[in-house]
Amino acid sequence: MRYFLGIEVLQRTDGIFLGQRKYAQEVLERFNMDQCNSVHNPVVLGFKLTKDEKGVEVDSTLYKQMVGSLMYLTATRPDLMFIVSLITRYMERPTKSHLIAAKRALRYMKGTVKFRMFYTNGGGKELIGYIDSDYAGDQDDKKSTSGYVFLMNSRAISWSSKKQPVVTPSTTEAEFITAASSACQVVWLRRILKNLNQVQSSPTVVYCDNISVIKLLKNSVMHGRSKHIDVRFHFLRDLVKDGVVELIQCSTQDQVADVLTKPLKLDVFLKMRGLLGVCEHPCVN
């Protein structure tokens, strides 16, 4: 197999590259960005985006086409997931500031058009995950952003960046909701892997940098402190009790899901991008 739904498949003896270089180049040409100056990251540290109700409106059709093209590129580029999730929130009334953010994502794509997901042969078969949330990150409604990524053999196979459906009063609740949504993905992935004869016999380890969430799940005495959390998120406790999911604390420096929830320093972004498995194919001209 060489192509599948616009995704290029390059097979080598040590693994497989999945990418969308041809499609990415077509997108850049379509929006007259093929000769633009490239940048090293899709969003800079401290960047904020709002509805910008007093801003100059731009062509909404062009903006939606640009965002839609970037959305399809996230199929093989998890490093684009956060900025794409962010700019999709403003398709109803896009302004110049939103268009600039979308164009920066294209400028980043221009400099990394040869990058692909690389899946190595062999290695571990255990499914592991990382979850993170950006508390009250949305500047308009103060909702948090959830992000998770699941890896096998140190390569990302599933990722998400999404604004939460409710406003949370604490970082613990925001992280708890993220953990619950990622647990749904755990159940689905374990079923898929079982059908592929990759049965996960041990609990799926999910790394979280919020110790309060882990204590909340393991200590039933703390139940009184979580009454305000919607009951639909508490099924996560059953999964932990049944040995399907195991939450383990990790340091913020090792939290891969950070790249899906917030802007990062350039060196941290590049590190997390590498940990996701996104790299440049050495033989592509």
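Where does H98 lie?

H98 lies in helix 4. The model discussed here is predicted. In this model H98 has a relative accessible area of 0%. Because the limit for a buried residue is under 20%, H98 counts as buried.

Leaving aside residues up to four places away in sequence, H98 touches L49, T50, K51, D52, Y63, Y90 and R93. With one of these, T50, there is a polar contact: the side chain of H98 reaches the backbone oxygen of T50 at 2.6 Å. V84 is 14 residues from H98 along the chain, and the C-alpha atoms of the two are separated by 11 Å.

Five aromatic pairs are found in a search of the whole structure. One of them is formed by Y108 and F269. The ring centres of Y108 and F269 are 5.8 Å apart and the planes make an angle of 70°, an edge-to-face arrangement. This pair links distant parts of the chain, since Y108 belongs to helix 4 and F269 to helix 8, 161 residues apart. Y108 and F269 are both buried.

## Helix 8

Helix 8 covers residues 266–276, and its buried residues are F269, M272, R273 and L276. Viewed down the helix axis, these buried residues fall within an arc of 105°, so they line one face of helix 8.

The partners against which the buried residues of helix 8 pack are helix 4 (96–111), strand 4 (115–120), strand 6, strand 7 and strand 10 (278–280). Just after helix 8 comes G277, with a positive phi of about 105°.

An open sheet is formed by five strands in the order 7-6-5-8-9, with mixed pairing. Strand 7 (155–163) and strand 9 (245–249) stand at the edges; each has a single partner strand, so one side of each is left without a neighbour in the sheet. On average, neighbouring strands of this sheet are turned by 20° against each other, direction ignored.

Strand 6 (residues 145–152) and strand 7 run antiparallel and are joined by eight bridges. In strand 7, K163 is the bridge partner of T145.

## Helix 5 across the sheet

Which strands does helix 5 lie across? Helix 5 (residues 171–195) lies across strand 5 (127–134), strand 6, strand 7, strand 8 (204–208) and strand 9. The direction of helix 5 is at about 155° to strand 5.

Note on methods: Residues are numbered from 1 along each chain as its sequence is written. This is a predicted model: local features need pLDDT of at least 70, side-chain atom pairs count only at pLDDT 80 or more; totals for chains, interfaces and linings use all residues. Side-chain values use heavy atoms; hydrogens and water are left out. Two strands pair if DSSP finds at least two bridges between them. Helices (H or I, at least four residues) and strands (E, at least two) are DSSP runs, numbered from the N terminus. Axes are lines fitted to C-alpha atoms, for helices over the stretch in contact, and angles run from 0 to 180 degrees between N-to-C directions. Contact means heavy atoms within 4.5 Å. Buried means under 20% relative accessible area, exposed over 50%, partly exposed in between (1.4 Å probe, protein chains only). The arc is that of the directions from the helix axis to the C-beta atoms. Rings of Phe, Tyr and Trp (its six-membered ring) pair if their centres lie within 6.5 Å; planes under 30 degrees apart count as stacked, over 60 as edge-to-face and the rest as tilted. A polar contact is a pair of N or O atoms within 3.5 Å; within protein, one must be able to donate a hydrogen and the other to accept it, and residues adjacent in sequence count only if both atoms are side-chain atoms.
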